[in-house]
Amino acid sequence: MSHNDGQSDDVQPGGVALRDPFVGAPFTEAVRRFWRKYTVFTGRASRSEFWWWWLTSFAIGLVLQLVPQAFTPDAPLLENPVGSYLFVLWAVVTLVGGLALGARRLHDANRSGFWQFLHVLPGIGSLVLFVLFLLPSNPKGTRFDLLPGAAATTRKR
């Protein structure tokens, strides 16, 4: 299998191949897998992989908003322009990876990654996705897995 597709068969820390969902992934491994699979929309991601990254990203975004506040205490909370720019920069940098991780999480629950289009519906769309991201793994979700060797064969065509 090609090692350029982000779906390596190599066993990663924790004893799980990068192409497989890491059930019970610890915090550090979930963050590492987010960056290693930044543009990988195939395969599956466990709940722990998804939620550890989500909490990390949320915390970093909050810190980026609040740290500049310490230097401009007169500005209204969360309205500091520097914090807002840093937050938007963080959101842009992690956008593709977040969508890829969301697609893999939905795949693990046997849902298409296209369900993420619900984000465009204000409020209700994100609420529905929140519930979908909470769903447990579904064995039928393996239909989204990239079979070993498949990437190498399809790229030669």
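Because the model is predicted, local features are reported at pLDDT of at least 70 and side-chain atom pairs at pLDDT 80 or more, while totals for chains, interfaces and linings use all residues. Residues are numbered from 1 along each chain as its sequence is written, and side-chain values use heavy atoms, with hydrogens and water left out.

The protein chain holds five helices and zero strands, in the order α-α-α-α-α along the sequence. Helices (H or I, at least four residues) and strands (E, at least two) are DSSP runs, numbered from the N terminus. Of the 157 residues in the protein chain, 38% are buried; here buried means under 20% relative accessible area, exposed means over 50%, and partly exposed lies in between (1.4 Å probe, protein chains only). Among contacts with a separation of 6 or more, 59% join residues 24 or more positions apart, a contact being heavy atoms within 4.5 Å. The accessible surface of the protein chain comes to about 9200 Å², and carbon and sulfur atoms account for 70% of that area. Accessible areas come from the Shrake-Rupley method with a 1.4 Å probe, and for residues only the protein chains shown count as cover.

The buried residues of H2 include Trp-51, Trp-53, Thr-56, Gly-61 and Pro-68. Their cover includes helix H1 (27–36), H3 and helix H4 (124–134). From the H1 side, Val-31 touches Trp-53 and Thr-56, not counting residues up to four places away in sequence. Val-31 counts as buried at 18% relative accessibility, and its C-alpha atom is separated by 9.1 Å from that of Phe-50, 19 residues apart along the chain.

Trp-54, in helix H2, counts as partly exposed at 41% relative accessibility.

An unreviewed UniProt entry places the feature "transmembrane region" at residues 51–71, 83–102 and 114–135. UniProt positions are given in the numbering used here, feature names are shortened, and annotations may be inferred rather than shown by experiment. Residues 83–102 are 100% helix and 0% strand, with end C-alpha atoms 26 Å apart. Residues 114–135 are 50% helix and 0% strand, and the end C-alpha atoms of that span lie 16 Å apart.

Within helix H3 (residues 81–108) lies Gly-98, partly exposed at 27% relative accessibility. Leaving aside neighbours within four places in sequence, Gly-98 is in contact with Phe-34 and Gln-116. Gly-98 and Trp-35 are 63 residues apart in sequence, yet 9.9 Å apart in space, C-alpha to C-alpha. In the loop between H3 and H4, Asn-110 has a positive phi of about 65° although it is not a glycine. Asn-110 is buried, at 17% relative accessibility.

The structure holds six salt bridges, each defined as a side-chain nitrogen of Lys or Arg within 4 Å of a carboxyl oxygen of Asp or Glu. Glu-29 pairs with Arg-32, with the closest N and O atoms 2.5 Å apart. The two are about one helical turn from each other because they are three residues apart in helix H1. Glu-29 is buried at 3% relative accessibility, whereas Arg-32 is partly exposed at 38%.

A further set of charges forms a network of salt bridges linking Arg-44, Arg-105, Asp-108 and Asp-145. Arg-44 and Asp-108 meet at 3.3 Å, N to O. That pair links distant parts of the chain, with Arg-44 in the loop between H1 and H2 and Asp-108 in helix H3, 64 residues apart. Asp-108 also bridges to Arg-105, the closest N and O atoms being 2.8 Å apart, and both lie in helix H3, three residues apart. Arg-44 is buried at 12% relative accessibility, Asp-108 at 1% and Arg-105 at 0%.
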